[in-house]
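Take a look at the model below.

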Amino acid sequence: MGRYSCTMAYEADEVLEPPTNTTRAALPRYPPYSQGDNERPSKIRKQGSKLVSALRSFRNSASQASAAEVSLPSPPSSPSGMGRIFSTALLKGQLEPTVVHRTQFKGRPNVISFDKGIIELTPESSPPTSAESGINSAKSSVPRPSTGKTSLDSKFSAKSKAASQRSSDTKKSVAKQATAEGSSNENVLTPIAEVEMAEAPEPVPTIVTVEKVAAAKIFLECHYNELTSRELTPRSIRRKQLELALVQDTTLLPAEKVGKKKSWVRYETDHLRETRVMKVRSANALKGKDITTSRYEVVKVLGKGSFGVVRLVREKGDDDDLRNPGHKKEIFAMKVIRKSDMLRNSQEGHLRAERDFLVSAEGSQWVVPLIAAFQDLNNLYLVMDYMPGGDFLGLLIRDNVLSEPVTKWYIAEMILCIEEAHALRWIHRDIKPDNFLISASGHLKISDFGLAFDGHWSHDQSYYNYHRYSVLTKLGINVEGDSIDRKEGRTVAAAMKLANTMAGTKERHQIHSSSYEASEGILNWRNRYANRSLARSVVGTSQYMAPEVVKGELYDARCDWWSVAVILYECLYGHTPFLADEGGRQQTKLNILNHKSTFGFPHKPVVSKRCQDLIRGIIQEKNTRLCSKRYKQGQPSASHQDYAGRYVYPHDAEDIKAHKWFKDIQWDLLHQMIPPFVPNIKSMDDTHYFDEEDPISDFSDSHSGPPPTAKEIDEALKPFHREIQVIMKNHIVRPCDSMNLKKVEREIDAFVMTEEHKEYLKAFVRHYGQKERKRPRDRLLRDRDLAPRVLELRKRGAFLGYTYRRFRPHPQATFRGHRNQGSVASTSSAGKRAV
Ligand SMILES: Nc1ncnc2c1ncn2[C@@H]1O[C@H](COP(=O)(O)OP(=O)(O)OP(=O)(O)O)[C@@H](O)[C@H]1O
């Protein structure tokens with residue numbers, strides 16, 4: 001990313017740079033013109049831009065030629081010589097369009113240059129051959145044909161290679177022609193007739209081009225949106241805090257304050273440097289190197305989800321770290337997210353949202369702190385503070401039901417956690433006991449923002465689809481998809497459905513004149529226009545879903561408070577109120593929709609009337625739900641709406657907190673009090689609050705690339721009996737799901753052999769076995785021919801800008817960032833840059 005921005009800056013500099021001294025010295029005077037010719041001065045003004053073009057052309061010619069060490073004849077230095085050039089240029093320019101010519105085809109920097117192997121948009125033309133440069137050097141001031149259209153992926157396509165060759169031939173012949181013409185009229189800029197260009201063959205775009213173009217567009221929009229965001233950056237927040245601390249500290253002498261400021265600058269500089277190192281490492285890791293093994297050692301697996309695994313890891317670090325002597329190797333929880341699965345499920349928007357939320361919540365004491373985010377070719381990594389007390393569901397499972405006072409404590413902490421997310425203008429949308437983790441001190445922190453949403457376009461999957469499919473449509477490239485697509489493609493209904501989906505996506509993300517004012521720019525338009533229909537997406541865990549979410553209605557942050565009431569009920573009664581014994585999720589959702597008739601309190605255990613009153617107050621349709629009156633009043637303020645226009649008020653549990661049941665809760669001091677349960681841990685890597693059973697019973701997330709060869713398989717099974725070899729080979733040929741994998745493992749457990757051999761065979765199946773995969777949501781990833789290439793490209797290019805590193809001040813520093821200092825004041829994260 002860093003290198004990429006440099007590339008862009010370089011290009012901009014090149015265009016904006018003032019003429020060099022040499023160029024200035026050679027500046028011509030205006031050609032003489034007759035006083036009587038009244039039209040001439042205005043024509044000169046009209047042609048001003050053309051003159052600038054001619055000047056730039058000349059300057060480019062001079063500077064590029066010198067850079068390439070091509071011996072060019074020195075530019076005409078006499079004012080009269082130059083005057084003739086510009087005079088002719090102006091006269092000609094009245095009749096024909098001016099073309100900016102290059103002395104030689106200039107190699108453009110790669111669009112995404114941080115990893116040449118990833119997205120390498122090579123310039124079409126190779127460096128000029130000696131013959132070509134001969135032509136150039138002989139007639140440097142003679143105009144050349146313009147470079148014409150650039151085929152971005154000529155190196156990937158045989159067809160486009162041929163096209164490129166033809167195009168280059170055309171250019172050569174045109175150049176020769178121009179030279180011949182030029183020789184009769186030395187030092188005269190001659191525009192190229194348009195007709196020559198029309199003959200140049202159209203470049204043949206491939207799917208690789210489409211993916212790269214879309215990746216570049218997405219990256220640029222997201223990157224510049226971050227850079228131009230008006231949100232406070234973590235760094236500016238830290239600076240404000242330091243300044244405030246220095247003002248408030250009356251004991252410090254002025255010289256001491258200066259010293260503190262200096263050390264602040266030093267630590268910030270160190271932080272920037274280390275962040276840059278991390279970005280470079282991440283970029284290198286995209287070439288296939290495992291980024292984690294050199295930096296972290298795995299201690300244990302803590303949890304597993306549809307995304308991949310969460311592991312307990314220990315930082316390796318340098319034992320001889322001179323800058324940080326005696327540095328203790330810290331323990332972290334590392335969430336490893338398999339890119340391929342996520343891309344097949346079209347989860348890019350959610351993954352970006354999760355990372356962006358955690359970045360924006362830097363410093364919050366109620367959100368699981370993110371230490372770093374990075375990626376390699378196969379995985380995304382979120383390194384977080386380790387919460388040794390496990391999740392709140394674990395506590396519920398251990399105790400089954402909690403007493404009212406204990407429940408009150410935890411629900412109060414959950415309320416503060418959710419208010420924190422709402423203060424940042426995010427709706428969590430998946431509030432459940434598993435998503436509250438218990439820290440070493442016993443306090444709760446909210447986690448798992450995989451479904452959280454702030455309505456920002458960069459967190460909306462259809463934004464990514466729009467960029468890809470709009471390019472495809474523009475280029476008229478057809479994607480067949482899989483056999484089901486092909487079959488469905490023949491039905492009118494399916495074609496209509498696809499067209500409607502595409503039209504909906506286009507409506508949200510493509511600029512249209514009715515809503516766009518040219519002066520505001522595309523990013524502002526995106527931020528303003530937002531994604532109103534997203535406020536309706538049905539996400540979450542059914543038992544905890546609010547009725548408006550189940551219905552797919554327009555919902556807002558009040559849906560999170562409904563889920564809190566469900567947890568409150570669950571803590572006291574040992575089960576959730578709407579869970580259906582039969583009929584599965586569908587029936588549970590029906591129970592929620594009919595809550596007025598299905599909701600009730602069991603007789604046992606006995607729960608206070610006050611508490612029941614609170615629960616009843618929240619288990620209501622959103623308009624009458626207890627939380628904050630501001631929702632009912634609907635204060636129209638952009639600062640209280642997310643990007644999708646949904647209301648998200650900060651401190652929006654005011655009415656819940658004011659309920660009589662919470663009378664004895666000291667909200668402001670809660671985080672300083674001792675919780676009812678403090679994890680009994682012997683060391684920071686103690687994991688006894690996590691399942692004993694190793695939850696890795698799924699396929700390895702490290703195996704990717706071409707399938708193993710028969711020889712490789714034979715080699716791996718060599719130590720085993722032939723019969724076992726046949727059974728194991730059968731297990732890896734057919735794709736199977738996690739349930740079947742468990743059956744296979746049980747079968748292996750029944751083999752008569754040593755435990756070591758059994759473990760080996762289980763590892764063999766996990767490594768070489770194929771997971772039964774869901775049908776990808778994206779048609780491109782369903783197409784048998786295109787999918788492998790597209791997936792590889794997306795693994796490399798879809799998560800650019802993911803890297804983040806939290807500021808870690810020196811242990812002795814008096815300023816410690818804004819961590820654990822209460823609520824973060826910032827409003828949103830979508831525009832927040834990773835420091
Ligand atoms: N920082 C952490 N410290 C300790 N354990 C953690 C941490 N983060 C996650 N875990 C453990 O990993 C489990 C899964 O993590 P997470 O909640 O992020 O996944 P998930 O998105 O809920 O998975 P899914 O949605 O597929 O169920 C958690 O329930 C918890 O047990």
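## A strand with two partners

In strand β5, leucine 380 is the bridge partner of isoleucine 337. Strands pair when DSSP finds at least two bridges between them. Strands are DSSP runs of E with at least two residues, while helices are runs of H or I with at least four residues; both are numbered from the N terminus.

β3 also pairs with strand β2 (residues 308-315), again in the antiparallel sense over seven bridges. Here valine 309 stands opposite valine 336 in β3. Strand β3 (residues 331-338) is mostly covered, with seven of its eight residues buried. A residue is buried if 20 or more other C-beta atoms lie within 10 Å of its own, exposed if 12 or fewer do, and partly exposed in between; the C-beta atoms are placed from the backbone.

## How the model was read

This is a predicted model: local features need pLDDT of at least 70, side-chain atom pairs count only at pLDDT 80 or more, and totals for chains, interfaces and linings use all residues. Residues are numbered from 1 along each chain as its sequence is written.

Which residues does a cis peptide bond join? They are lysine 604 and proline 605, with omega about -10°. Proline 605 sits in the loop between α23 (595-598) and α24 (609-618).

Serine 346 is not a glycine, yet its phi is positive, about 55°. It lies in the loop between α12 (339-344) and α13 (348-360). Is serine 346 buried or partly exposed? It is partly exposed, because it has 16 other C-beta atoms within 10 Å. Arginine 429, also not a glycine, has a positive phi of about 70°. Its place is the loop between α15 (404-423) and β6 (436-438). Arginine 429 counts as buried because it has 25 C-beta neighbours inside 10 Å.

## Confidence

The predictor's confidence in each residue is its pLDDT, from 0 to 100. The protein chain averages 72, and 62% of the residues score at least 70. Over residues 1-164 the pLDDT is below 50. The model scores ipTM 0.97 and pTM 0.66.

Residues 814-835 also stay under 50. Where pLDDT is low, the predicted coordinates should not be read in detail.

Key
Two residues are in contact if their C-beta atoms, placed from the backbone, lie within 7 Å.
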